[in-house]
Amino acid sequence: MASSLLTLPSTFSRLNLFPKTFKALNLLKFHKQHRLRPLNYPLLHFPSAATRFSTSRSPLSSKPFDDDLVVLGIETSCDDTAAAIVRGNGEILSQVVSSQADLLARYGGVAPKMAEEAHSQVIDQVVQDTLDKAGLTEKELSAVAVTIGPGLSLCLRVGVQKARRVAGNFNLPIIGVHHMEAHALVARLIEKELQFPFLALLISGGHNLLVLAHDLGHYTQLGTTIDDAIGEAFDKTAKWLGLDMRKSGGPAVEQLAQEGDAESVRFSIPMKQHKDCNFSYAGLKTQVKLAIASRNIDAKVPLLCASSQDRSSRADIAASFQRVAVLHLEERCERAVEWALKIEPSIKQLVVSGGVASNQYVRARLDQVVKKYSLQLVCPPPNLCTDNGVMVAWTGIENFRVGRYDPPPPANDPEDFMYDLRPRWPLGEEYAEGRSEARSLRRARVHPSLTSLVQASLQQQ
Ligand code: KG4
Ligand code: ZN
């Protein structure tokens, strides 16, 4: 773990706990400047690492000083340019999302260069609108949080550059956020009773993760996808069925599936013979493609122009695909709950988040799974399941509270500045029992996991 840390360029932020000298000199200044109440603020006590972890276990809403914390969150990891301002007590002061739905509809997927351009065009306006909606200026912020990975490098860079400009110009601390941790933690903003440890299923366009959240910054990965994520399978199914992709493929498939017979097309459930918690959606995608071809469905004919027979045949495929895609989730979740209860017997909730978690069928089926184990299902509302700035601001708040942030950057980065971007960045270490033999899993791990970085930082304290 330590050796992998040393391989990082020295200019990279490591999500370090704030260096002590900087803390001592500058935190008082921050507190004065941002009207935080120093006596109540836990960072001024410089607690030990162990104390910091126990701090994050306490109920979140009960600290009066939290109201003073106001964090701007910026998210540009994929195709949504999003920003939000959230208070330490969880109050959402404003949020803005500019989506690239028209690009998605045109190209049937995210083209990194186009996405970067689209982010660059709107980022200043999105952040300005977020400030205006909240009725705040940058001077009134306590910190800036920004997604630094995983995601598309070109897109991440736009958000990080903007965050550093705001933080640099207004002398604000900056927090680098893990996109998938943010998807999980936003559930703690919604459900104030949700405490660590909990189990989380994170399902989006690029990720399919089952993680055990032991604590802030401390995750065990029980399962991941060995090829495609479920959201990618929804998007391709929508594209091949000729559906309107303007709100992304998932919602279009979900809507059409309501008209179809979910038992009519016999797709096989992926990885039935593998008794682990990993996922695979590439094979199901191929099955869908073949089913569409065998029924002579022409994706160039929009659904609205399809004959009633054609429409019902598309609906049957949508419903059958959705049923099997979700059966795969159900089967993996059941096993993950059993594993999780062995590792952390006190877990009480399954959090389901990420874009696909806004699907009502997914929610209903997973609710049945958790009921068997007397657990509670926690799903953020749909607009906080899909990519948004609130989850980034909130994760910034959770990290800021326990001292995990970086000092304000310089007002202007040099031209050749190496941004700390982590396009492939695991959340936690793999659970040994769940290790897949699929080689792609190994190769995908290019950055030390968030958990290993946080643990190494804590050991250096
Ligand atoms: O989390 P997210 O907004 O972005 C990523 O981090 O990928 O997830 C986007 C994914 C897309 O694949 C989209 O089709 C899917 O979430 N999605 C849905 C639904 N809403 C969004 N999938 C199924 N049903 C939905 N209602
Ligand atoms: Zn996402």
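Gly 250 places a backbone N or O atom 3.0 Å from an oxygen atom of ligand 1. In this predicted model, the protein buries 92% of the 550 Å² that ligand 1 exposes when taken alone. The shell around the ligand has 21 residues, and helix α9 gives the most to it.

**Polar contacts of ligand 1**

- Gly 231 also contributes through its backbone: a polar backbone atom of this residue is 3.1 Å from an oxygen atom of ligand 1.
- Glu 254 contributes through its side chain, where an N or O atom is 2.8 Å from a nitrogen atom of ligand 1.

**The shell around ligand 1**

- The residues that come nearest to ligand 1 are Gly 205, Asp 235, Gly 250, Glu 254 and Asp 387.
- By residue type, the shell divides into 14 polar, four nonpolar and three charged residues.
- Three helices each supply at least two shell residues: α7 (179–190), α8 (230–240) and α9 (249–257).
- The contribution of α9 to the shell is four residues.

**The six-stranded sheet**

- An open sheet is formed by six strands, and their order is β10-β9-β6-β7-β8-β11.
- The pairing of the strands in this sheet is mixed.
- The partner of β10 is β9 (residues 349–353); the two strands run parallel and are joined by three bridges.
- Within this pair, Leu 350 has Leu 377 in β10 as its bridge partner.

**The chain as a whole**

- The secondary structure of the chain consists of 16 helices and eleven strands.
- The chain has 461 residues, and 59% of them are buried.
- Of the contacts in the chain with a separation of 6 or more, 75% are between residues 24 or more positions apart.

Note on methods. Residues numbered from 1 in each chain as written. Chains lettered and ligands numbered in written order. Predicted model: local features only at pLDDT ≥ 70, side-chain atom pairs only at ≥ 80, totals over all residues. Heavy atoms only, no water. Near = heavy atom within 4 Å. Polar contact = N/O pair within 3.5 Å; in protein donor to acceptor, adjacent residues only side chain to side chain. Areas by Shrake-Rupley, 256 points an atom, 1.4 Å probe, with all protein chains shown as cover. Nonpolar A, V, L, I, M, F, W, Y, C, P; charged D, E, K, R; others polar. Buried < 20%, exposed > 50% of the residue type's maximum accessible area, 1.4 Å probe, protein only. Contact = heavy atoms within 4.5 Å. Pairing = 2+ DSSP bridges.
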